[in-house]
Amino acid sequence: MTTPLLTGHPAFKFLAGLAPGMPTLTDLFQQNPKRAEQMHIAAPAMTLDFSKQRVDAYVLSGLDQLFEQLKLSRAIDALFSGKEVNRSEGRAALHTRLRLPVEQLDRDFPEVSHQLRRMENLVGKVHDGVWRGFSGKRITDVVNLGVGGSDLGPLMVTQALKEYALPEARALRVHFASTIDGSQLFDLLDHLNPETTLFLVASKSFTTIDTLSNADTARAWLERVCPDPSLMLRCHFIGISASVDKMDQWGIPEDNQLLFWPWVGGRFSLWSTVGCAIALDLGMPVFRELLAGAHEMDEHFRTAPPLENVPVMMALLGIWNVNVQDIRAHAILPYDGRLKYFPPYLEQLEMESNGKSVTQDGVPIDYATCPVLWGEVGANAQHAFYQLLHQGTQPVASDFILAANRYDTAGADDVSRSGMAKNRKHREALVAQHELNIANCLAQSRVLALGNDAVDPTDNPFRFYPGNQPSSTLLLERLDAFSLGALIACYEHKVFTQAGIWGVNPFDQWGVELGKQVALQLQPLLNQTASDDGVALDSSTRLLADKIAGFRQEGYQDKPD
Ligand code: F6P
């Protein structure tokens with residue numbers, strides 16, 4: 001059965017017909033003083049205010065019909081029940097299974113709880129100092145070697161939740177190295193002690209050259225000091241992968257292999273043993289709380305009606321913006337320094353999932369899919385790219401993300417790494433900073449929506465703010481492991497819903513394969529000349545390769561012996 005294309009559905013045509021007469025956000029707010037009351041919905045740990053989107057009751061009913069006509073409830077059931085939703089790779093996508101409550105996992109999916117327990121056991125050994133380096137010293141540093149989904153999720157979560165690290169985890173330092181050029185590893189190896197450093201080699205496929213080249217470098221670094229290769233591998237390398245064979249081939253001992261499964265997509269894998277870096281950095285209970293928050297969001301997504309369902313609503317608003325309002329750019333603006341790595345995390349989640357132009361059936365599509373998505377901590381971005389949002393020529397939709405409470409929760413303060421809460425004055429100053437931050441967040445979405453009308457109109461062209469830039473605000477009660485789990489799952493489900501509407505497969509990533517293949521083909525040619533490269537390179541690539549060879553030779557000549 002072929003998937004019908006989005007634009008063929010009556011609900012889409014209805015929506016397209018509404019666009020030309022759509023009032024501006026200023027008019028919409030003036031026409032309906034109760035707008036915000038009617039246009040906010042709740043999900044676990046958060047509220048979504050979408051009143052600053054260019055929508056009215058007709059648009060919402062059209063979006064509801066679209067959800068209905070595309071039979072998205074069935075798609076959601078298919079996801080949760082393990083149907084083959086990733087058709088091009090013939091697989092289910094069951095990341096939601098990983099965050100089921102423990103009792104359910106034990107009963108229905110013991111292989112999942114088994115791996116989680118193995119991970120917990122390993123994390124406990126490192127925290128308790130039972131796991132030792134080759135010379136008998138306690139592990140002080142862990143380096144996660146991974147890229148894409150095997151890096152971005154754990155990196156983002158550990159940065160976001162640092163202050164919640166449990167006492168047993170606080171002495172350990174967790175680092176991340178992903179870049180193929182080795183530069184991050186170079187910096188780390190410069191100051192880490194090989195006797196007390198543990199490497200996590202995280203790669204679903206265990207074939208990703210970026211990660212394996214970093215792992216090879218780490219092994220070479222250890223080989224210099226550890227005379228016994230098998231002792232070195234046993235004490236300093238943990239493999240995390242869906243491929244036992246590949247881990248065996250690389251030399252990861254069986255007891256050091258943490259597994260997950262082909263049905264966990266790389267960019268959906270932080271909930272699996274890929275979360276080992278999170279558990280090491282923050283403590284296993286914090287990781288379990290993250291899973292619990294995600295599970296609550298799964299339940300909300302599975303059961304709430306479309307217009308009361310936060311991820312579905314975010315997806316539908318995105319479709320309205322991209323496909324009807326022709327807004328092809330989407331900014332992610334967390335007003336929280338802890339979420340610095342949330343935009344890059346979402347860049348992979350959204351653009352690698354939905355940056356597609358053929359349907360699940362391989363039929364080319366003639367409408368826009370995933371917008372260009374980028375972001376930065378909101379208050380910093382105000383001093384960087386907000387000029388374009390306010391006065392540029394691009395329409396941009398934005399997500400503001402804000403935690404209402406900060407620096408005032410006894411729980412978080414008690415476990416704070418820094419002991420910051422013990423100093424009342426210090427804390428009061430930070431609470432004041434948080435208020436400033438909130439004011440900035442609210443001010444920016446207000447000005448983006450209303451432009452000069454937010455304050456007073458002007459004739460000065462340089463001070464003219466057109467407004468009418470749509471945004472949503474996701475308001476968290478507070479940022480903690482539970483709400484972060486829910487927030488991440490919320491975006492995962494938004495991505496899945498949009499994929500269903502666009503008819504694309506969000507779980508494959510064929511678009512990244514050709515580049516890898518060509519890189520492998522080019523590497524041996526770099527030091528050859530045009531006459532003997534054996535491959536008809538385009539003139540640009542040939543010229544650059546020749547120049548690089550020239551510069552490198554000069555570089556070597558300059559070096560003293
Ligand atoms: O090249 C893209 C990609 O396959 C991502 O989808 C994935 O998250 C990343 O590479 C890393 O893959 P792996 O975990 O198999 O090393």
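**Exercise 1.** Work out whether Phe199 and Phe237 are buried or exposed.

*Solution.* Start with the cut-offs: buried means under 20% relative accessible area, exposed over 50%, and partly exposed in between (1.4 Å probe, protein chains only). Phe199 counts as buried, and Phe237 does too.

A quick note on what you're looking at: this is a predicted model, where local features need pLDDT of at least 70, side-chain atom pairs count only at pLDDT 80 or more, and totals for chains, interfaces and linings use all residues. Residues are numbered from 1 along each chain as its sequence is written, and side-chain values use heavy atoms, with hydrogens and water left out.

**Exercise 2.** Find out how many aromatic pairs the structure holds, and classify Phe199 with Phe237.

*Solution.* Step one: rings of Phe, Tyr and Trp (its six-membered ring) pair if their centres lie within 6.5 Å; planes under 30 degrees apart are stacked, over 60 edge-to-face, and the rest tilted. The structure has twelve such pairs. Step two: the centres of Phe199 and Phe237 are 5.4 Å apart and the planes are at 20°, so this pair is stacked. Step three: Phe199 is in strand 5 (residues 197–202) and Phe237 in strand 6 (residues 237–241), so the pair ties together parts 38 residues apart in sequence. Strands here are DSSP runs (E, at least two residues), numbered from the N terminus. Finally, ring pairs link Phe199, Trp221, Phe237 and Trp250 into a cluster.

**Exercise 3.** Say which ring face Arg99 lies over.

*Solution.* The test wants NZ of Lys or CZ of Arg within 6 Å of the ring centre and within 35 degrees of the ring normal. Arg99 lies over the face of Trp271, 4.6 Å from the ring centre.

Conventions
Helix = DSSP H or I, 4+ residues; strand = E, 2+ residues; numbered from the N terminus.
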